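Trainee: Could we go through this chain together? I would like to begin with the overall picture and then turn to details.

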Amino acid sequence: MFGRAILNGYGKEKLERAFAEAHPGCALRIGKLNYAVGTNCLIAESVTLSATNLTLKTGRISLTGVPWARLLLGRAALTDTLAKASLEAIDLDVAFPQARYGIRCARLQASVPDSELIAEGTELRPLVGDEELFAAHPFRTTRFHIVLPECRVSGLACGELLQGKSYRAGSVHLSRPSFDAFVNRDKPVEPFVRRPLMVHEALAAIRQPLQVDSLSITNGRLTYRERVVAGADPGVLTFGAVSLNVQGIANQVGPAAAVQLQAQGDLMDAATLKVLMSIPIAPPDFSLHYSGSLSAMDLTRLDAFLDIAERTRIKSGSAQEASFDITVTAGLARGHVRAVYKDLQIAVLDKQTDTEKGVANRVISFLENLKIRNANAPDASGSMKVGEVNYTRKPEDEFLQFVWFALRTGVLDVITHSLK
């Protein structure tokens, strides 16, 4: 039954024809097939799937542990057929021409008996250059590039996943990932139709039960870029040695359940930023609590981003320590920012020359009602200026934007004071 002639003649043609009939407009092409009786292993040297909005190409694919006789006779459900199955695929390449993105994976392993999925050498990349990608959108957009050397999913509920009943896993671990985002602020923001979803809303929007007990990242790197002039160099903000642990990701839980996040990374390779976050899942309004700290840092290291993205330059300044504690209730953020720093000098840059020359009027305007507090440290009694966080969510705010905008109000309250 599994002779090479039958596999590569009648069997392969029937599979390709059946797929085309079930999915009009799509085409499946299977390379040379081989079957090893002793190990019950079916091997395809290549597979190509073409559809209107995607193309999938793979190298060698091997499938073991399938009771082929029961499958061909129609005596077993798909989940029963794959109960002992294991899959290995190499050199996967998926292209999404309309989105101008592609995904590569050097090696993918899945084992139903072991409830495990491993992906190695995975990359999400643009199919075109940055300028071509930005030109394809009339409004501001973000270019993403993600490299993931290894992703390991354990405790995966394969049976429920194959039946489309739920998405459950014990743990997801990402090793040495790098995430690069580039925003072209030279274009206008697209008018939003619906408010961006917050975390609890995004989880609630998933119809099937979702549960991931833990998600972790080790030794990651995050790079964020912004440009304000088309074709110009962007401002760059980086976080290195990123570690992250998230517990309790789920969408069908009790009223007290919350996603717990703990993360840290090296800001501009100059200081360690630590963050703790608790996000309630069940409440219908947008609420959370987050806190964190920043170690000692030469603040001028931020100029690689601020010079371009904010037209602001920190001429001098060093932070000894900083911390924040913020509570959000129904979209209203309140909290405190504490920072010990000295020798802070800030200048506003000229938009045309990117220098401090010729901007006296702009600096005066900037400082008309606010003045930079050049230092902040405990006095003899131990008291010092504490920044007040006061921010209300705007309709267009995305989650990370809101978190930063709220924190920023406290930072500005620490480093400035009114002249009135």
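This is a predicted model: local features need pLDDT of at least 70, side-chain atom pairs count only at pLDDT 80 or more; totals for chains, interfaces and linings use all residues.

Trainee: How many helices and strands does the chain have?

Mentor: The chain has nine helices and 23 strands. Helices (H or I, at least four residues) and strands (E, at least two) are DSSP runs, numbered from the N terminus.

Trainee: And what does the C-alpha trace span?

Mentor: Along its principal axes the trace spans about 90 × 50 × 35 Å. Of the 420 residues, 36% count as buried, where buried means under 20% relative accessible area, exposed over 50% and partly exposed in between (1.4 Å probe, protein chains only).

Trainee: Now the strands. Which way do β13 and β14 run?

Mentor: Strand β13 (residues 210-227) and strand β14 (residues 235-250) run antiparallel, joined by 12 bridges. Two strands pair if DSSP finds at least two bridges between them. L222 has F239 in β14 as its bridge partner.

Trainee: What about β14 and β15?

Mentor: Seven bridges pair β14 with strand β15 (residues 258-267), again in the antiparallel sense. Opposite Q247 stands Q260 in β15.

Trainee: Let us pick one residue. Is S214 buried or exposed?

Mentor: S214, which lies in strand β13, is buried, because its relative accessible area is 17%.

Trainee: Which residues does S214 touch?

Mentor: Leaving aside residues up to four places away in sequence, S214 touches G170, S171, V172, V246 and Q247. A contact means heavy atoms within 4.5 Å.

Trainee: Changing topic, what is the volume of the second largest pocket?

Mentor: Its volume is about 1,600 Å³. On a 1 Å grid over the protein atoms alone, a pocket is an open set of points where a 1.4 Å probe fits, with protein on both sides within 12 Å along at least five of seven lines; lining residues have an atom within 4 Å of a point.

Trainee: Which residues lie nearest its centre?

Mentor: Of the 42 lining residues of the second largest pocket, L15, I30, L42, L63 and W68 lie nearest its centre. Helix α1 (residues 4-22) gives the largest share of the lining, eight residues.

Conventions
Residues are numbered from 1 along each chain as its sequence is written. Side-chain values use heavy atoms; hydrogens and water are left out. Grid points are joined across faces, edges and corners, and a volume is the space filled by probe spheres set on the points.
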